[in-house]
Amino acid sequence: MDVLDCIILLIILPIRIFVGIIIKMKPTHLISEIIFFVCALLISSCQPISENISNTPSPTYLDHQASPDQINDEEAQEENDNDLLSDKIPHGLKLEFWHPWAGETAEIVEELVDNFNQENDWSITIKSISHADEDVFVEDLTDAFKNEEQIPDLIVSTSQSLHAWYAEGYPIKELDSFIRSDSEVSAGATLPEIFPAFWNIDVLDEKRLGVPAYQSGQFLFYNQTWGNELGFDDFPGTIEAFSERACAAARSNLYDTITENNGTGGWIYSSESLSLLSWLRVFGGGDLINSRAQPIFTQPENVSALTFLYDLYLDDCAWTGRDSEPYSYFSNRMAIFYSGQMEDIIKQINFDTDSENSDAWILVPYPSAFGKPILMVKGLSYAITTEHEERSIAAWEFIKWMLAPENQALFVEKTGTFPLSAEVIERMDVEAEIYPIWKDSLQYLPYTQAEPSYQAWYVIEKVLEDVGWQLTQYTMRSEDIQTILSDAEIMIREFE
């Protein structure tokens with residue numbers, strides 16, 4: 001992006017976004033916060049791109065005023081472009097789309113797929129097939145690749161799996177040519193301008209293997225009402241502030257008149273990989289492999305992070321419950337913090353409504369020892385797996401349709417995840433129950449760090465979860481942490 005493009009973006013886009021938002025929302029301090037994050041993202045998009053990032057720019061999606069003659073010319077060009085596209089996409093193609101979504105998210109995707117099937121100009125029919133979860137999906141598609149079985153035309157999967165399949169020579173199609181082709185024509189659907197933090201995830205050796213389908217942040221859910229009652233009015237933005245609140249809540253439950261909640265109250269201990277990686281990053285660690293793809297778990301920063309978690313657990317300021325879901329514990333003040341994804345916003349709101357809990361809670365990033373909040377994000381990306389040109393072009397049209405701001409807005413409203421582009425924010429329903437908390441979370445977008453996309457992460461995250469589990473065992477001692485991390489390195493090398 002050159003200087004002139006940056007200036008245009010910095011002037012036009014914030015105006016477009018916030019005129020729409022401000023008209024719909026009540027005045028709060030969050031307006032200025034959201035203005036801050038969008039401006040920060042726009043500025044960051046004007047910075048030099050590192051060598052390992054593709055030179056293919058994220059496509060723009062800006063409105064421009066045009067004269068009647070220009071409009072007529074553009075309409076004529078659009079008709080011509082559509083004719084050319086129709087020549088490349090045979091009428092009535094049937095494509096197979098595999099994804100790992102299940103439950104309500106799968107229902108939302110199915111609704112969008114049905115809408116595309118009814119609306120597209122080429123009578124393309126997409127058949128979407130759910131594969132239960134990410135692990136099952138990766139296993140199923142890997143088996144299909146290895147056994148040379150019939151594979152889908154397009155998929156949604158993790159970036160690390162796309163990288164691994166591509167490295168193995170399986171048909172993960174490079175998408176740069178599609179993006180260049182879109183930019184060379186003046187009409188037709190194009191991708192919205194996806195935020196750089198998300199756009200750069202799916203690039204391997206300057207080749208684009210996918211485009212983001214969704215991204216969700218790993219947050220700490222914090223009971224603000226309870227924190228205020230315990231005497232904490234400030235924001236829990238440091239490690240010390242987090243520990244003080246967790247331990248104060250634990251003491252409150254220990255010394256109240258209810259015996260059933262003894263041992264609870266602080267942070268619900270999480271050994272989930274992204275939660276643990278967040279804590280490693282809090283202490284300046286988390287780089288779990290070096291430039292030679294060798295595991296490096298035993299760095300002092302990682303030891304410090306796990307020692308902090310061990311001490312927190314040992315002091316009963318963190319605890320584990322029998323229920324794998326945190327919503328009841330959080331709603332009943334058995335936890336002042338828990339680690340969760342943005343999809344948990346809707347689930348927590350629904351549980352609070354059913355239990356008539358009126359406590360106010362917010363999403364906060366992980367505190368940092370270095371002043372900058374830690375917000376890890378994970379998600380899935382669209383990729384094309386067919387090797388037939390006509391089917392791949394049709395698949396690309398479907399991907400662009402799914403990422404159109406109006407369709408993304410529907411997906412985000414139902415899941416509570418991050419918007420992939422600024423245009424999505426304009427189209428969000430401000431009356432939606434999740435909107436105030438969701439909107440507040442957007443101020444942390446400039447701090448996002450993507451989940452690792454290197455191939456080894458698929459194994460490392462499993463090992464990391466085992467390390468986290470070991471910290472909670474009764475035989476655990478602080479001096480064992482170094483040994484546990486050394487054993488983790490050995491385990492990962494055995495998978496190589």
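Helix axes here are lines fitted to C-alpha atoms over the stretch in contact, and the angle between two axes runs from 0 to 180 degrees between N-to-C directions. The model is a predicted one.

**Overall make-up**

The protein chain contains 20 helices and twelve strands. Of its 496 residues, 53% are buried. Among contacts between residues at least 6 apart in sequence, 76% join residues at least 24 apart.

**Helix packing**

Two packed helices are described by the angle between their axes and the distance between the axes. Two such pairs are listed below.

| Helix pair | Angle between axes | Distance between axes |
|---|---|---|
| α11 (residues 273–282) and α19 (residues 457–470) | about 80 degrees | 9 Å |
| α15 (residues 389–403) and α16 (residues 405–415) | about 60 degrees | 5 Å |

Angles of 65 to 115 degrees count as roughly perpendicular, and α11 and α19 are therefore roughly perpendicular to each other. On the α11 side, the contact is made by Ser-273, Leu-276, Leu-277 and Leu-280. These meet Trp-457, Glu-461, Leu-464, Glu-465 and Gly-468 of α19. By class, the residues of the contact of α11 with α19 are five nonpolar, two polar and two charged.

For the other pair, α15 and α16 pack at an angle of about 60 degrees. Trp-401, Met-402 and Leu-403 of α15 are in contact with Pro-405, Asn-407 and Gln-408 of α16. The contact of α15 with α16 has four nonpolar residues, two polar and no charged.

**The second largest cavity**

Rolling a probe the size of a water molecule over the atoms shows where empty space is left. Searching the whole structure gives four cavities of 30 Å³ or more. The second largest cavity holds about 70 Å³ of space.

Which elements each supply at least two residues of its lining? They are α6 (159–167) and β11 (375–384). With four residues, β11 gives the most to the lining of the second largest cavity. The lining includes Val-377, Lys-378, Gly-379 and Ser-381. Also among the lining residues are Thr-158, Ser-159, Gln-160, Ile-201, Gln-215, Ala-450 and Glu-451. Sorted by class, the lining of the second largest cavity has six polar, three nonpolar and two charged residues.

**Loop residues**

Leu-230 lies in the loop between α9 (224–229) and α10 (239–254). Its relative accessible area is 25%, and Leu-230 is thus partly exposed. Leaving aside residues up to four places away in sequence, Leu-230 touches Ala-248, Ala-249, Ser-252 and Ile-336. Leu-230 and Ala-248 are 18 residues apart along the chain, and their C-alpha atoms are separated by 7.1 Å.

Next come residues with a positive phi. Asp-316 is not a glycine, yet has a positive phi of about 65 degrees. Asp-316 sits in the loop between α12 (300–314) and β8 (318–319). With a relative accessible area of 44%, Asp-316 is partly exposed.

Glu-356 is another residue other than glycine with a positive phi, here near 55 degrees. Its place is the loop between α14 (344–355) and β10 (361–364). Is Glu-356 buried or exposed? A residue counts as exposed over 50% relative accessible area, and Glu-356, at 72% relative accessibility, is therefore exposed.

Conventions. Residues numbered from 1 in each chain as written. Predicted model: local features only at pLDDT ≥ 70, side-chain atom pairs only at ≥ 80, totals over all residues. Heavy atoms only, no water. Parallel < 35°, antiparallel > 145°, perpendicular 65-115°, else oblique. Contact = heavy atoms within 4.5 Å. Nonpolar A, V, L, I, M, F, W, Y, C, P; charged D, E, K, R; others polar. 1 Å grid on protein atoms, 1.4 Å probe; cavity = no way out; pocket = protein on both sides within 12 Å on 5 of 7 lines; lining within 4 Å. Points joined across faces, edges and corners; volume = space filled by probe spheres on them. Buried < 20%, exposed > 50% of the residue type's maximum accessible area, 1.4 Å probe, protein only.
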